[in-house]
Amino acid sequence: MNYPLVARLLGVLCWLMGITMLFSVPWAFPAMGVAPEFERAGCFALLASMVVCFATGALLRWLGRDAKMHLFRKEAMAVVGLSWVLATVLGALPFWLSGTCREHLPEDRSKGVPMSVYDCLFESQSGFSTTGATVITDLEDTKLVPRSILFWRSSTHFLGGLGIIVLFVAVLGQGSAGKALMRAEMPGPSKEGSQERMQHTAWNFAAIYVALNLILTVILMLESEKMDLFNALCHAFGTMATGGFSTYNDSVAAFDSALVDYTIMVFMIIAGMNFALIYLVLIGRWQAMWKDIEWRAYLGGMALVTFAIMAMSLGTYHEFDPNDKIPWLREIGIAFRYVSFQVVSIMTTTGYGTHNFDNWHQLARALLFLLMFVGGCAGSTGGGIKVIRHVLFVKILGMEIERSYHPSVVRPLKLGDNVTTDPELRNQILLYFGLVAFIFMLSWITLVAIEPEHTWTEVGQPVENKLIDCASAVTATMNNIGPGLGTVGAKQNYANFEPLSKLLFIFLMMLGRLELFAVLALLLPGFWRSH
């Protein structure tokens with residue numbers, strides 16, 4: 001292991017983190033008239049965190065001053081894994097130093113309960129991993145959450161969606177090192193990039209991502225009076241990163257606008273697409289989109305689940321108006337608005353909400369739960385297992401069943417018209433699904449064991465739902481979705497969980513964002529040996 005080189009690259013990452021915090025500072029000034037002392041604390045916290053980032057970066061750069069600039073796969077994985085650990089710690093500093101509160105004191109609503117270290121780390125990791133799970137119960141009270149900290153909270157989505165390492169490669173370039181970093185960072189089975197050189201690919205990814213954020217920001221500002229620049233930017237960050245952090249307690253439902261709902265839904269679908277495919281479309285190669293089997297499965301899955309849930313749940317979203325001459329048509333329109341948004345939000349792992357899906361039909365909730373394991377396309381900002389892995393898994397399963405009665409038949413594994421040439425792909429897909437299942441079951445049992453039953457009684461949830469609630473909490477964090485079912489449902493959060501449970505969630509969020517291996521490798525002693 002080339003420790004000096006790892007330290008040197010992590011040092012630059014710390015500097016980039018410090019620079020990005022600067023953009024949150026100006027948002028403290030418009031809110032000074034509402035809560036001046038609290039906003040000053042937020043401003044100070046960001047500036048102090050910047051100092052820590054720059055000092056840590058300088059120390060790491062000094063430790064890596066004699067590094068040999070040749071990055072191998074092991075060092076690339078170390079940089080990627082440690083960068084998310086480091087980002088989580090540094091990103092938590094503004095929450096902690098500002099005294100941001102997670103909830104009101106029950107006996108005195110004018111005061112709040114400051115976020116603990118565990119809460120700060122949870123919120124930071126949730127932002128960078130684009131999970132969108134939160135421990136803050138009242139986002140709209142400026143005396144609990146400074147405006148500048150609220151913007152930093154959404155900014156972690158922007159950075160996480162872009163991928164800190166992708167930004168690192170795009171801004172600095174590392175030659176062959178950049179290629180290794182990109183391969184370790186980019187989620188999903190590897191596909192051909194939009195250009196040969198990795199640095200150009202990173203630049204294209206970054207340019208498309210930033211452009212889509214800006215376009216969505218402008219559109220949202222034009223669609224709703226409540227969407228000022230602050231809210232539009234925060235919701236654009238949460239949408240394009242498939243994160244889900246909102247500036248309102250009711251999420252996107254707070255805007256009560258069908259136009260806003262459909263706009264965010266369209267951009268969530270775009271964010272869940274492979275960015276290499278988006279690039280090909282932008283240069284005029286539209287046929288690439290229709291030929292892509294993953295993209296067809298992605299849209300087809302969304303449509304199928306949407307209409308299935310609509311069929312079983314009509315009448316639960318809106319009371320019929322007896323004066324309405326076509327109530328059934330109106331009901332279908334309202335059902336489509338809420339169901340399609342929620343299906344897209346869950347499948348792309350964004351986690352935004354416009355309706356309390358915990359009140360839906362039990363089978364509809366079960367479909368949403370299963371959808372949490374799907375995720376977006378490979379090479380997107382979405383989390384989850386990824387659509388392409390499900391497509392490959394179904395094909396491999398069919399081939400294995402055929403081999404059981406035709407053992408001599410040899411068929412190539414095909415994606416559309418293309419034959420996959422990687423001989424290890426079949427084993428990798430099966431291993432990945434097996435590992436996901438093992439981690440899910442182990443984490444589920446662990447959470448059931450360590451989380452006391454009073455967590456449910458305190459929020460008015462039935463204790464009998466503990467098993468399914470714990471399963472959904474593990475699924476929602478491991479697949480970077482955010483909201484789950486029951487005690488972590490659309491109208492709930494993760495504030496009441498024990499510190500040990502929050503540490504488990506932090507680990508699961510990081511596992512999901514880096515797709516298991518980059519994090520699990522850090523836990524093996526052999527990974528850190530020189531040879």
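This is a predicted model: local features need pLDDT of at least 70, side-chain atom pairs count only at pLDDT 80 or more; totals for chains, interfaces and linings use all residues.
**Stop 1: the ring pairs**

Start with the aromatic side chains. A search of the whole structure finds 28 aromatic pairs. Select tyrosine 3 and tryptophan 528. Their rings form a stacked pair, with 6.5 Å from centre to centre and 10° between the planes. Now look at where each ring sits. Tyrosine 3 belongs to helix 1, residues 3-22. Tryptophan 528 is in the segment after helix 21, which covers 517-520.

**Stop 2: a second stacked pair**

Select phenylalanine 393 and phenylalanine 433. Phenylalanine 393 lies in helix 16, residues 387-405. Phenylalanine 433 lies in helix 17, residues 425-450. The pair therefore ties together parts that are 40 residues apart in sequence.

Phenylalanine 393 is partly exposed, with a relative accessible area of 26%. Phenylalanine 433 counts as buried, at 15%. That label applies because 15% is under 20%.

**Stop 3: a cluster of rings**

Select Trp27, Phe151, Phe158, Phe205, Tyr209, Phe230, Phe237 and Phe275 together. Ring pairs link these residues into a cluster.

What sits over the ring of phenylalanine 230? It is the charged end of arginine 147, 3.9 Å from the ring centre.

**Stop 4: another charge over a ring**

Move to arginine 389 and tyrosine 432. The charged end of arginine 389 sits over the ring of tyrosine 432, at 3.8 Å from its centre.

**Stop 5: helix 1 against helix 2**

Go back to helix 1 and colour it. Then colour helix 2, residues 36-63. The two helices pack at an angle of about 160°, and their axes are 7 Å apart. Helix 1 is therefore roughly antiparallel to helix 2. Turn the view to look at the crossing: helix 1 passes helix 2 in a left-handed one.

Which kinds of residues make up this contact of helix 1 with helix 2? There are 17 nonpolar, five polar and two charged residues.

Key
Residues are numbered from 1 along each chain as its sequence is written. Side-chain values use heavy atoms; hydrogens and water are left out. Rings of Phe, Tyr and Trp (its six-membered ring) pair if their centres lie within 6.5 Å; planes under 30 degrees apart count as stacked, over 60 as edge-to-face and the rest as tilted. Helices (H or I, at least four residues) and strands (E, at least two) are DSSP runs, numbered from the N terminus. Buried means under 20% relative accessible area, exposed over 50%, partly exposed in between (1.4 Å probe, protein chains only). A charge sits over a ring if NZ of Lys or CZ of Arg is within 6 Å of the ring centre and within 35 degrees of the ring normal. Axes are lines fitted to C-alpha atoms, for helices over the stretch in contact, and angles run from 0 to 180 degrees between N-to-C directions. Angles under 35 degrees count as roughly parallel, over 145 as roughly antiparallel, 65 to 115 as roughly perpendicular and the rest as oblique. A crossing is left-handed if the near helix is turned anticlockwise from the far one by less than a right angle, and right-handed if clockwise. Ala, Val, Leu, Ile, Met, Phe, Trp, Tyr, Cys and Pro count as nonpolar, Asp, Glu, Lys and Arg as charged, and the others, Gly among them, as polar.
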